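Biologist: I should like to learn how to read a structure of this kind. Please take one feature at a time, giving the general idea before the case at hand.

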Amino acid sequence: MDTALLIDHVRLTPILIADPPLLNTQGVHQPYTPRLIVEVVTRGGVTGVGETYGDSAYLELARPLAEALPGRPVTDVNGLFALAEQVCGGPPAPGDGVDTGLDGVDAGGDGVDAGGLRGVRTAAKLRLSVVSGFEVACLDALGKSLGLPVHALLGGKVRDAVDYSAYLFYRWEAHPGGGERDDWGAALDPAGVVAQARRLVAEHGFRSFKLKGGVFEPDREIAAVHALAEAFPGRPLRLDPNGAWSVETSLYVAERLAGVLEYLEDPASGVERMAEVAAGSDVPLATNMCVTTFPEIAPAFARGAVQVVLSDHHYWGGLHRTRELAAVCRAFGVGLSMHSNTHLGVSLAAMTHVAATVPDLDHACDSHYPWQTEDVITTRHVFRDGRIAVTDTPGLGVELDQDRLAALHRRWLDDDGTLRDRDDAAAMRKADPAWVAPAAPRW
Ligand SMILES: O=C([O-])[C@@H](O)[C@@H](O)[C@H](O)[C@@H](O)C(=O)[O-]
Ligand SMILES: [Mg+2]
C-alpha cells in the first residue's frame, strides 16, 4: 500500500447554517441548522471532504470514528462500517459484518426522527449517516490522489448532468424569533406556491416540482397541486406530507390527484399503511421514510408498499451503498429517485457524482440547495435547466472555503446549545407556544 494513501488525521467541524422558515408537518425549520464537515487528510498531504448531519447524536458517533482512522488507507471504505460498529457502539446494521435480523425495521411508523422526518430513528441509522460523511471524504481524498473524479471510482458516469426538481415549501416570510431574512416572502396558499415555483424555475430552470405537504388540511394542499398543474402543464409533480395522513385521507388525496402526480411521497406512515394505500390507488407511492435501510426493503417490497425509493447517501451509508440500493430496486422493478434534507455544496457534489453513475435513476432528484444561502465551498454549484453538470475534476470537484467554514463553526461555538439539534417543533413554539409535533396520522 502506498503510504501516501494512509490517513494521517481527520478534522471534524460542526457548523450552523442559515435555513429559511420552511414549514413541514412537525413544525418549521429553525433559523440555523447543524451540519458536520469531515476532512480526511492523507499522509500524502491530500485532504478529502465529506458532509453529513451535525446534530449532537451524530457528533458523538463521529468523534470516535475520526480518532480510529489514522493509519488506515483511504481506499478501505468498505471497512468503515465494521470500524464504526466497533468504535461507536450501538447495535450493528446489516452489512456491517453481522446479521442483525430486524434492527432498523420500521416499528410501525408513528415515531419519526424529529431532525429529518426519516422514519423511526435507530442507532444503526445514525451510524450509517455518520459513515456516509467519512466515506465521501475518503473517496474525495482518493480521487484527488489518483487524479480521478469520484464518479470514476464508482465505475464511471453514465450521464453528463443530473436532473433536480424544484423543492417547494409552504413558508413564512421570516423566522419569528430572528435569524437571517430573505426576499422570498411567504407562501401559504396556491398562489404563493405557484409564485415560488415560478421564481425557482426562473433562477434554476427546474422542470419538475415537489411540494412539501402535511402542513395544511389536505384539500388546501390538493388545491396547490392543481394550481401547479395549471401553471406548468405536463411537468412532473409530487406531494410529500411526511406520513401525516391516514389511509383514508391518503386515498382521498390520491383519487383527486390521479393523473396529476408523478408520485405521492409518504402519504401515510409505516409499511402497513403505505401498502393499504398502494392497494387502493394507481398513483405510485414513493418513500424516504418507510424504506431507509436494507432490512426495511424486503417487507415493504413484498407488500407492494412503495413503487419508488428515494435514495439518500447519508441514510444508506454512502455512495457505494446507494449503488447497492439501486441494484436491489432494479431487481425488483422498483423506481429510484433521490431524497434531500438541508445540505450544502459538499453533499450536493456527492449526490451528483453517485446519481451520475446510476443508469436507472428514473426521476429528478430532490435538493434543498436553492434554499441554502450559505456554503462552505469556494464556488457554489449552479443549476442549468434544473441540472448540475457532472464534473471530471479529481475528487468531488469542490474546494473548501476555510474562512467560511471557520465563520460557520464560530456560530456553532457561540450557540448556547439550543440550535445544535434540529427541532422543527421547538422552532414552531416560538410562534405558537402550545405547539407539539402532531402524532401521525394528523388528518
Ligand atoms: O426539511 C424538511 O422540512 C423536509 O421535510 C425534510 O425534513 C425531509 O426529510 C424531506 O425533505 C422529505 O422528503 O421527507
Ligand atoms: Mg419525503
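Biologist: Buried, partly exposed or exposed: which term describes E374?

Modeller: A residue is called buried if 20 or more other C-beta atoms lie within 10 Å of its own, exposed if 12 or fewer do, and partly exposed in between, with C-beta atoms placed from the backbone. E374 has 18 other C-beta atoms within 10 Å, so it is partly exposed. This is a predicted model, in which local features need pLDDT of at least 70 and side-chain atom pairs count only at pLDDT 80 or more, while totals for chains, interfaces and linings use all residues. Residues are numbered from 1 along each chain as its sequence is written, and chains are lettered from A and ligands numbered from 1 in the order in which they are written.

Biologist: Where is E374 placed, and which residues does it touch?

Modeller: Helices (H or I, at least four residues) and strands (E, at least two) are DSSP runs, numbered from the N terminus. E374 belongs to the loop between helix 12 and strand 14. Two residues are in contact if their C-beta atoms, placed from the backbone, lie within 7 Å. Leaving out residues up to four places away in sequence, E374 touches I17, A18 and L408.

Biologist: How much confidence does the predictor place in the protein chain?

Modeller: The predictor's confidence in each residue is its pLDDT, from 0 to 100. The protein chain averages 94, and 94% of the residues score at least 70. Over residues 95–112, however, the pLDDT is below 50, although this stretch has 51 contacts in the model beyond near neighbours in sequence. Where pLDDT is low, the predicted coordinates should not be read in detail.

Biologist: Which radius of gyration does the protein chain have, and what would a compact globule have?

Modeller: The radius is taken over C-alpha atoms, and the globule rule is 2.2 Å times the number of residues to the power 0.38. For 443 residues a compact globule would have a radius near 22 Å; the protein chain has 20 Å, which agrees. Its C-alpha atoms fill a box of roughly 60 × 45 × 40 Å along the principal axes. The chain comes to 14 helices and 14 strands, and 55% of its 443 residues count as buried.

Biologist: How should one read a helix, with helix 6 as the example?

Modeller: One begins with the expected span, 1.5 Å times one less than the number of residues. The 14 residues of helix 6 (residues 218–231) should span 20 Å, and its end C-alpha atoms are 20 Å apart, which agrees. Next comes burial: P218, E221, A224, V225 and L228 are buried in helix 6. They cover an arc of only 120° around the axis (taken from the directions from the axis to the C-beta atoms), which puts them on the same side of helix 6. On the other side of helix 6, D219 and E230 are exposed.

Biologist: What covers the buried residues of helix 6?

Modeller: The cover includes helix 5 (190–204), strand 8 (209–212), strand 9 (237–240) and helix 7 (247–257).

Biologist: How are strand 8 and strand 9 related?

Modeller: Two strands pair if DSSP finds at least two bridges between them. Strand 8 and strand 9 pair in the parallel sense over four bridges, and K210 has R238 of strand 9 as its bridge partner. In a regular strand the side chains alternate between the two faces of the sheet. From strand 9, L237 and L239 point one way and R238 and D240 the other, and all are buried.

Biologist: Which backbone angles deserve attention?

Modeller: Most residues other than glycine have a negative phi, and most peptide bonds are trans. D266 is not a glycine, yet its phi is positive at about 40°. D266 lies in the loop between strand 10 (263–265) and helix 8 (271–280), and it counts as buried because it has 35 C-beta neighbours inside 10 Å. D385, also not a glycine, has a positive phi of about 50°, but counts as exposed because it has 10 C-beta neighbours inside 10 Å. The peptide bond from A440 to P441 is cis, with omega near -5°, and P441 is found in the segment after helix 14 (424–429).
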